[in-house]
Each structure stands twice: as C-alpha cells, then as structure tokens.
Amino acid sequence: MDSWNAPVATAPISATVIVPGSKSITNRAFVLAALADGPSTLRGVLRSRDTDLMADALRTMGAEVTADATDPTTVCVVPQPLTGGHVDCGLAGTVMRFIPPLAALADGAVTVDGDEQMRTRPVDVILAALTDLGVEIDGVALPFTIAGRGSARGGAVTIDASASSQFVSGLLLSAARYDEGVTVHHVGKPVPSQPHVEMTLDMLRTAGVVVDDSEPNTWRVAPGPIGAVDRQIEPDLSNAAAFLAAAAATGGSVSVPSWPTHTTQPGAQIVDILVEMGATVTRADSVLTVTGPQTLRGLTADLRDVGELTPTIAALCALAESESVLSGIAHLRGHETDRLAALSTEINRLGGRCTETPDGLHIVPAPLTPGTWHAYADHRMATAGAIIGLRVPGVAVDDIDSTSKTLPDFPAMWRAIVDPAALP
Ligand SMILES: O=C(O)C1=C[C@@H](OP(=O)(O)O)[C@@H](O)[C@H](O)C1
Ligand SMILES: C=C(OP(=O)(O)O)C(=O)O
C-alpha cells in the first residue's frame with residue numbers, strides 16, 4: 001500500500017464542504033427498515049465500507065436493499081422473511097453489534113465474521129445478553145454463529161455496557177420484534193457515547209416503537225411493529241469534524257451546509273470543543289461555519305460522550321500552544337484500534353509529547369517533525385494524520401484508504417479544501 005503525502009496548508013483554508021450522510025443513522029435506519037412493517041425509503045444514505053457491509057448483511061439475510069439507479073444515496077428497503085446466511089462485518093462495530101439481535105429473528109443459522117483486527121473488538125457482552133434472552137449462539141468472539149429460529153422470546157437482561165454503547169443500541173434496535181420485547185439494564189462504569197443511545201431511542205420512537213427510558217440505565221422496548229419510514233439522513237457530523245478541524249488548525253474558515261438544528265449525533269459537540277480551543281462559530285440558515293484562531297489553545301475535557309471525535313481532537317491538541325488533558329475515553333482501547341496507544345505512539349513518532357493516562361491522553365506542546373503517521377486501518381487515525389500534516393510538512397499517512405470505512409472520497413475532498421487550484 002502506497003503512503004499518502006498529506007497536503008500542507010500554505011495559507012488559511014477557506015472552503016465549503018458537502019458532508020455525506022451519517023454512518024450511525026444510516027446503519028440504524030437499515031436495521032429498522034429491514035424489520036419494518038413495509039417498504040422504507042432512505043435518502044442521503046452514507047455509501048462507505050461500513051454502510052455497504054450493513055446493506056450486504058441484510059441482503060444476505062433476505063431483505064431487499066436497492067439503491068436508486070441514478071442516485072446511489074437513495075435506498076429502498078423492502079423487508080422480507082429473514083433467513084440464515086454469512087455476514088461479513090469488516091471492521092464495523094455497528095454491523096458486529098447490531099446484526100446478532102436481528103439474526104436471532106432469522107429462520108436459519110447466521111454466521112458472522114470480520115477483519116482480523118475486528119477479532120479483538122469486544123462483542124462478548126451482547127452475545128451473552130442474547131443467550132440470556134433465549135437465543136442459541138456458538139462462539140463468544142468472531143467468528144460466531146447465531147441459531148436463528150424465526151422468533152425470539154426476549155425479556156429482561158442485565159449487562160455491563162461500559163465497553164461500548166453499541167451493546168445497548170444493538171439490543172434495543174431489534175427488541176420490538178421479540179415476543180416479550182426487551183428490557184436492558186446496565187450495571188458498571190458509565191455507558192460511553194450516550195448520545196448514540198439517544199439516537200437509537202429517537203429512531204425507534206420515529207418508527208412508532210414504544211420505549212421507556214424513565215429509569216437511569218434501564219431501557220424497556222415494548223413488543224410491537226416497527227413502522228416503515230421515508231427518512232432524510234443528516235450529514236455525518238463526526239466526519240464533518242475533521243474538515244472543521246482544518247479551519248481550526250490553519251486559522252481559516254470551513255462551512256458545512258445542512259448542519260442539523262436538532263440532532264442526536266455526538267459529532268455536533270465538535271463545535272463547542274473548537275470554540276473552547278479558540279475558534280469562532282457562526283450559523284446562517286443551515287450553514288455552519290468555523291473560523292480558526294490565530295493561536296490554538298489546548299483542551300481539558302471529558303470526551304466519554306463523544307469518544308469517536310478523539311482522534312480529530314487529539315490531532316488539534318498536538319498542534320496547540322498549551323497542554324491538553326483528554327479523559328473519560330478508556331473504552332477507545334476497544335475501537336478500530338487501541339486509539340489511546342495509536343495516538344500517543346504516532347504523535348510521539350513525529351516528535352510530539354503525548355502520554356496515555358488510565359482513561360485518556362495528556363498532550364504537551366512540542367515542535368513536530370516530518371515522518372510517517374500510521375493509521376492502523378483506522379479511518380479516524382488516518383484523518384488525524386491529515387490534520388497534523390496541514391501544519392507539519394513531510395507527514396505521510398501509511399494507509400489513507402482506511403478512510404473508506406466511513407468516507408471513501410476523503411483524499412479528494414481533503415485535497416480540494418487544501419489546494420483547490422490543483423483540482424482537475
Ligand atoms: O452506535 C453508534 O453508531 C456508535 C457508537 C459509538 O461506539 P462506542 O460506544 O463503542 O464508542 C461510536 O464510537 C461509534 O463510532 C458509533
Ligand atoms: C468507533 C467507531 O466505529 P465503529 O462503529 O466501528 O465502532 C468510529 O467510527 O469512530
């Protein structure tokens with residue numbers, strides 16, 4: 001694989017970026033549509049490795065998932081009786097954690113496997129929960145097999161979801177189709193990425209599912225139909241964050257149209273974080289614009305709710321003029337790669353000063369030097385390298401293609417904002 005020379009910003013970046021649909025909303029919408037009481041139309045769907053894997057998984061299990069011939073981001077999903085099959089989850093946490101509860105409703109065995117690197121990402125909690133709910137499963141890690149029986153009993157289950165909010169979301173998304181519904185009770189350290197759980201609840205309610213979340217750490221989904229929807233998917237705000245960070249890093253301005261007024265996406269919180277680091281933000285109609293400061297400040301923040309923003313934020317912290325303490329993100333050790341180890345190794349490789357703490361990172365200003373930035377097959381590590389490369393000449397990202405996990409056009413989009421004159 002060829003390494004990619006990160007383009008250097010020779011002037012403050014000034015750009016407008018059209019950001020494709022949200023990975024998290026797309027993959028939830030796919031699951032709900034496959035379980036719904038009629039055909040759904042999803043518009044503004046993200047087309048990327050993670051979302052195409054989800055579409056393939058549902059097709060394998062019998063659902064009709066068809067992209068519009070002229071607009072691949074408009075997808076029609078027609079539910080069909082679910083059957084067994086083989087599912088590849090790649091490196092997509094949403095596929096590995098959202099498919100097993102749905103597979104329990106299939107008539108036949110569903111085997112699930114994924115990338116080599118996926119085998120170390122936690123999945124045992126959701127498999128144990130399904131076993132408690134009466135589902136027969138062979139395996140506690142990838143590859144595993146769910147013995148779908150065409151229906152599942154459901155009931156109440158207690159889990160420790162501190163390693164991933166996706167354990168909760170996965171169980172809730174299919175829960176209405178279980179005979180007794182499903183009640184999930186969490187015990188243990190706090191559930192990370194709470195906005196992603198809110199996103200699940202919000203999308204279930206939009207589909208007419210009755211969910212009770214009135215007790216802390218307990219979610220009750222009543223049995224019943226899941227309504228078909230015609231849904232416009234919001235831009236992916238965590239992907240948008242990398243482009244807004246380019247404005248923050250270079251003292252430039254980046255605008256993102258169609259920024260939602262209300263959203264459950266944790267990526268929206270990048271705006272407050274960039275303001276904390278010295279940026280200014282304006283909004284005109286639906287266009288959000290971030291303008292970077294002359295001097296980027298370090299950040300002290302608990303990122304538990306917004307863990308997936310960490311690589312983007314850490315890249316900015318490595319460029320900042322004061323120290324940063326990022327906490328609440330021990331669970332990132334189970335993301336696409338151990339992100340705390342990866343970020344500290346790569347920042348230090350370029351001459352930076354970053355140390356891992358038990359639940360985060362401590363980053364101290366230091367001049368950065370040229371070198372190779374390793375992505376570890378992690379899309380957000382790759383974009384973090386690109387952000388640092390804006391300000392540090394000679395940074396090469398070893399695997400920029402890993403960005404295809406959620407944003408296949410990233411290299412061209414990045415080139416377009418840094419060096420618009422070079423466009424064909
Ligand atoms: O439900 C979702 O769509 C996601 C939940 C979060 O996972 P964790 O709770 O495992 O961090 C987030 O990091 C991931 O990118 C997407
Ligand atoms: C943690 C992430 O992804 P996944 O859905 O694979 O968990 C992410 O996109 O930052």
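Colleague: What should I know about the model and its numbering?

Modeller: This is a predicted model: local features need pLDDT of at least 70, side-chain atom pairs count only at pLDDT 80 or more, and totals for chains, interfaces and linings use all residues. Residues are numbered from 1 along each chain as its sequence is written, while chains are lettered from A and ligands numbered from 1 in the order in which they are written.

Colleague: Which residues surround ligand 2?

Modeller: Ala 92, Gly 93, Thr 94, Glu 308, His 335, Glu 336, Arg 380 and Thr 406.

Colleague: And which come nearest to ligand 1?

Modeller: Ser 24, Ser 164, Ser 165, Ser 193 and Glu 308, out of 13 residues around ligand 1. That shell also draws at least three residues from each of domain 1 and domain 2.

Colleague: How do I read strand pairing?

Modeller: Strands are DSSP runs (E, at least two residues), and helices are runs of H or I, at least four, numbered from the N terminus. Two strands pair if DSSP finds at least two bridges between them. In this model, four strands make an open sheet of mixed pairing, ordered β6-β7-β9-β8. Its edge strands, β6 (83-88) and β8 (136-138), each pair on one side only. β7 (residues 107-113) and β9 (residues 144-149) are antiparallel, with six bridges.

Methods: A residue is near a molecule or strand if its C-beta atom, placed from the backbone, lies within 6 Å of it. Domain bounds come from an automatic or database domain assignment.
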